[in-house]
Amino acid sequence: MSQKNLRILWLYPNQHMRVTPPGGVAIISACLKRAGYNNMELFDATWYPIDKEDVHARPDRDRERSKRGMFPEYKWERDDIKLELEEIDMYTAWRNKVLEFKPDVIISSIVEDTYYLWKNFMSKIEDVNFINVVGGVFATYAPQVFDGQVDYICRGEGDEAIPELMDLISEGKTGHHIGNIHPNPIRPAMDVNKLPPTDHQIFDERSLYRPFQGKIIKIATVETQRGCPYKCKFCNSPSNAGIYKEETNSAFFRKRSVESQERELVDLIEKHNIEVLWIVTDTFLTMSKREFDKWATMYSKYKLPFFTQTRPELLTPYQARTLKELGCIKMNLGVEHGDPQFRKDVVGRIYHNDVAIEAFRIAREAGLSTTCNFIIGYPYETMELCMKSVELAAQLHCDDTNAFMYTPYHGTPLRDMCVDAGFVDKDLIVEMRSDDQGSYLNMPPPYMSKEEIQYMFNNFVRLFRERERAIVSS
Ligand code: B12
Ligand code: SF4
């Protein structure tokens, strides 16, 4: 089989309302096409009705969020494109796709929440012969879960490993010896400036749309850097830094050159006419003033509206004003908890509350629309501590809120803390839950019970907005 003839089928297990094209698929697909693999298609489950029978499949997250005041109401409607779900169920559509496309290889990009969904998809094609490859953040931190279920488990970055694996498979060889293929060590963090622009053509056109501020916008994501230099204990990003240091002695946190970002931006504008960019960089603004100015000069040529996220400690008045001028329509600031000591000890974030209050003031003065991010129901959190989050949120005067229920993901220090404390079972694999399904944690008093976590999650926005009004009127 010649290299170009290898038939590659992507599986992106997902649910409707978990929207935005996955950057991991977009970049690996670009790397594969650059290597000559054009016989490649994607099955994206996003545009199929969810499987209501399945306990691991829960509906309409954005609507659940709008119920709790975290997301404005909207309609999936645009004049220029039909944004309707397929009528066929996703498993039948998947099986049909596999039988019709006849892939040599199926590659899946999986996060922990979509693991059970992926298993369901795989169970529908047990009688079909193909080489099964998985990768993504969950495969990186829990490769053992896939043992015996697939042919290749890729840990860490797939950008170089997958084209190399496909070359070997094309030549009729195996790739069990190469870097990143479990159980081998990962290869050193790659030079991100050698990456091609992401491939968004692999996606169904509908997948480039998502709700934002009550409207449906056409969006793509870009990375300005890979990784994050901070160490929040609920997050996978610091673990990437850890495994890359440990296994390869290389730094996972890398900045992309402004030139390579510009190439990608032009490509996205020309090929897809996108309306809004999501700079998915973990912590935008981890850069010097010189780097920021260089980026801003480049971006000022395009002024494509964008949103991004950063930490309260990093936003300066100069940056806030510049970002506003360049088209920033939303700045997400991760506050995460309202008690400085708890934030330091459990969350892994060290800053004083005044810093957060000041960051939101800076953003407001520059005319930036803000969203504050909080997590509710951390291990060892009490109701009293949770009320500190309400108190701090009330002082931020943010435009919007993202409150999440704490989730114990594999590969994060807080999951280990939960397992050690007996708050979750060591074998727990989190599933795609609805926001009504509650916390995974079973904590004894005086820590928050499941009911208390659910109550605070349901009422967080109401409680802090009431408190905010009381502060303003006093
Ligand atoms: C943008 C984003 C989204 C987008 C796109 C999702 C996606 N799958 O990319 C949207 C808004 C849809 C989304 C939704 C959700 N997300 Co999200 N999201 C992110 C975010 C901020 C950036 C992802 C990104 O583009 N990274 C850059 C790319 C290049 O990196 P990457 O995706 O990891 O891919 C690299 C490697 O993992 C690997 N790889 C990836 N796929 C594959 C496949 C193969 C075959 C191979 C070999 C390698 C490989 O190679 C890639 C290139 O090096 C991350 C945080 C983060 N820093 O990663 C969270 C993150 C991925 N999301 C997360 C979660 C929980 C969710 C949701 C479950 C939220 C929800 N409850 O609805 C859903 C799940 C949807 C889904 N099917 O993935 C978690 C996953 C946690 C975990 N340990 O599993 C993360 C890590 C955030 C966190 N909490 O730490 N998300
Ligand atoms: S700043 Fe953001 S990306 Fe970095 S470790 Fe903390 S939560 Fe993760």
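Mentor: One definition to start: two strands pair if DSSP finds at least two bridges between them. Keep in mind that this is a predicted model.

Trainee: Which residue stands opposite Ile 106 in β4?
Mentor: That is Asn 132.

Trainee: How many bridges join β3 to β4?
Mentor: Five, between residues 105-109 of β3 and residues 131-135 of β4, and the two strands run parallel.

Trainee: And what sits with β3 and β4 in a β-α-β unit?
Mentor: Helix α4, residues 115-123; the unit is right-handed.

Trainee: What is the strand order in the sheet?
Mentor: β2-β1-β3-β4-β5, an open sheet of five strands with parallel pairing. The edge strands, β2 (40-44) and β5 (152-153), each pair on one side only.

Trainee: Which residue is opposite Val 134 in β5?
Mentor: Ile 153. β4 and β5 are joined by two bridges, in the parallel sense.

Trainee: What holds paired strands together, in general?
Mentor: Backbone hydrogen bonds, in either a parallel or an antiparallel arrangement.

Trainee: Changing topic: what span should helix α7 have?
Mentor: Its 12 residues, 237-248, should span 16 Å at 1.5 Å a residue, and the end C-alpha atoms are 16 Å apart, so the two agree.

Trainee: Which residues of α7 are buried?
Mentor: Ser 237, Pro 238, Ser 239, Asn 240 and Tyr 244. These buried residues pack against α5 (137-141).

Trainee: What follows α7?
Mentor: Asn 249, with a positive phi near 55°.

Notes. Residues are numbered from 1 along each chain as its sequence is written. Chains are lettered from A and ligands numbered from 1 in the order in which they are written. This is a predicted model: local features need pLDDT of at least 70, side-chain atom pairs count only at pLDDT 80 or more; totals for chains, interfaces and linings use all residues. Helices (H or I, at least four residues) and strands (E, at least two) are DSSP runs, numbered from the N terminus. The expected span of a helix is 1.5 Å times one less than its number of residues. A residue is buried if 20 or more other C-beta atoms lie within 10 Å of its own, exposed if 12 or fewer, and partly exposed in between; C-beta atoms are placed from the backbone. Two residues are in contact if their C-beta atoms, placed from the backbone, lie within 7 Å. A crossover is right-handed if, with the strands pointing away from the viewer, the path from the first strand over the helix to the second runs clockwise.
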